[in-house]
Amino acid sequence: VYAQHGVSLPHNAAMQFNLGAPVPNDQLQPGDLIFWGPGEPYHVAMYIGQGKYIEAPTFNEVVKISTLSFDDSYAGARRFPLQPRS
C-alpha cells in the first residue's frame, strides 16, 4: 500500500519503527502503522480505524482483522506521509 503511494519502507518492523512520525494512541488514523515489542519492535500491522487493525500474524498465516489493545507489548504507532496518486 505504501509503495503505491510513493513511500518506501524497509521490510523489518524495528527499522520501520524508527521512521515516520510518532502517533499518540488517541490520535490513530487509518493507515498508521502500529508496532509491538517489548524492546525492539518485532511485529507491525496497519490501523484501519474504530479500534481495529489488519495483520498477518506470522509467516504463512491468513491475514486477519484484530481489535487493538494497548497492552504491555504495544510499542507505539508511526505515520508516514503519503504522496497523492496521479
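Select R79 to begin: with a relative accessible area of 28%, R79 is partly exposed. Here buried means under 20% relative accessible area, exposed over 50%, and partly exposed in between, computed with a 1.4 Å probe and protein chains only. The model is a predicted one, in which local features need pLDDT of at least 70 and side-chain atom pairs count only at pLDDT 80 or more, whereas totals for chains, interfaces and linings use all residues. Residues are numbered from 1 along each chain as its sequence is written, and side-chain values use heavy atoms, with hydrogens and water left out.

D32 lies in the loop between strand 1 and strand 2, and R79 in strand 6, so the pair ties together parts that are 47 residues apart in sequence. A salt bridge is defined as a side-chain nitrogen of Lys or Arg within 4 Å of a carboxyl oxygen of Asp or Glu; by this rule the count comes to one. Is D32 buried or exposed? D32 counts as buried, at 2% relative accessibility.

**The whole chain**

Now display the protein chain as a cartoon. It holds one helix and six strands, in the sequence pattern α-β-β-β-β-β-β. The radius of gyration is 13 Å, close to the 12 Å that the globule rule gives for 86 residues, so the protein chain is as compact as a globular protein of that length. That radius is taken over C-alpha atoms, and the globule rule is 2.2 Å times the number of residues to the power 0.38. Helices (H or I, at least four residues) and strands (E, at least two) are DSSP runs, numbered from the N terminus. Along its principal axes, the C-alpha trace spans about 40 × 30 × 25 Å. Of the 86 residues, 36% count as buried.

Two strands are said to pair if DSSP finds at least two bridges between them.

Select strand 2 (residues 33-36) and strand 6 (residues 74-79), which run antiparallel and are joined by four bridges. Within this pair, F35 stands opposite G76.

**Past strand 2**

Move on to G37 and P38, which are joined by a cis peptide bond with omega of about 5°. P38 belongs to the loop between strand 2 and strand 3 (43-49).

**The hairpin**

Select strand 3 and strand 4, an antiparallel pair with three bridges. The two form a hairpin with two residues between them, and Q50 in the turn has a positive phi of about 50°. Q50 counts as exposed, at 80% relative accessibility. G49, in strand 3, is buried, with a relative accessible area of 11%. Opposite G49 stands K52 in strand 4.

Show the side chains of strand 4 (52-55).

Strand 4 and strand 5 run antiparallel and are joined by four bridges; the bridge partner of I54 is I65. I65 counts as exposed, at 55% relative accessibility.

Finally, select I48, I54, V63 and I65 and switch to a surface view. These residues form a nonpolar surface patch with about 340 Å² of accessible area together. Patches are made of residues with over 30% relative accessible area and no salt bridge; like charges are joined within 9 Å, and nonpolar side chains (Val, Leu, Ile, Met, Phe, Trp, Tyr) within 5 Å. Accessible areas come from the Shrake-Rupley method with a 1.4 Å probe; for residues, only the protein chains shown count as cover.
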